Amino acid sequence: SRTEATYIERVQKLATKEYADELVVLAVALELGIRICCIPHTPASASDPRTPSSYGAADTTIYIGNNDVHYVYLSQCV
């Protein structure tokens with residue numbers, strides 16, 4: 001459930017290590033009642049691979065990719 005404490009926590013993280021688009025992804029996950037897992041692009045110049053992040057809590061998960069410019073839906077391979 002959404003609470004003022006959760007909002008304040010997210011805004012504080014936004015100022016230090018997150019981006020505004022992450023708040024939008026979180027809001028969508030909560031509104032739709034799903035989990036969204038974001039697979040980030042790691043540039044070749046990075047010293048460590050970037051870690052995927054997950055937003056929301058549900059049995060249904062969708063996966064998106066982020067190349068630091070756009071989010072894209074990653075469909076399941078059949």
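Start by selecting N66: leaving aside neighbours within four places in sequence, N66 is in contact with D21, C38, I39, P40, H41 and Y71, where contact means heavy atoms within 4.5 Å. Bear in mind that this is a predicted model, where local features need pLDDT of at least 70, side-chain atom pairs count only at pLDDT 80 or more, and totals for chains, interfaces and linings use all residues. Residues are numbered from 1 along each chain as its sequence is written, and side-chain values use heavy atoms, with hydrogens and water left out.

Is N66 buried or exposed? N66 counts as buried because its relative accessibility is 14%; buried means under 20% relative accessible area, exposed over 50%, and partly exposed in between, with a 1.4 Å probe and protein chains only.

Now colour the strand that holds N66, which is β3, residues 61–66. Strands here are DSSP runs of E with at least two residues, helices are runs of H or I with at least four, and both are numbered from the N terminus.

Next, hop to I39, one of the contacts of N66. I39 is found in strand β1, residues 35–40. With 35% relative accessibility, I39 counts as partly exposed. Show what I39 touches beyond four places in sequence: P52, I64, G65, N66 and L74. Then draw a C-alpha to C-alpha distance from I39 to V72: 9.7 Å in space, for a gap of 33 residues in sequence.

With both strands in view, look at how they line up. β1 and β3 run parallel, joined by 6 bridges; two strands pair if DSSP finds at least two bridges between them. Pick C37 and you'll find Y63 of β3 opposite.

From β3, carry on to β4, residues 71–73. What is the sense of the pairing between β3 and β4? Antiparallel, over 3 bridges. Select I64 and its bridge partner in β4, Y73. The β3–β4 hairpin has 4 residues between the strands, and D68 there takes a positive phi near 70 degrees.

Finally, zoom out. The chain has 2 helices and 4 strands, in the order α-α-β-β-β-β along the sequence. Of its 78 residues, 18% count as buried. Among contacts with a separation of 6 or more, 45% come from residues 24 or more positions apart.
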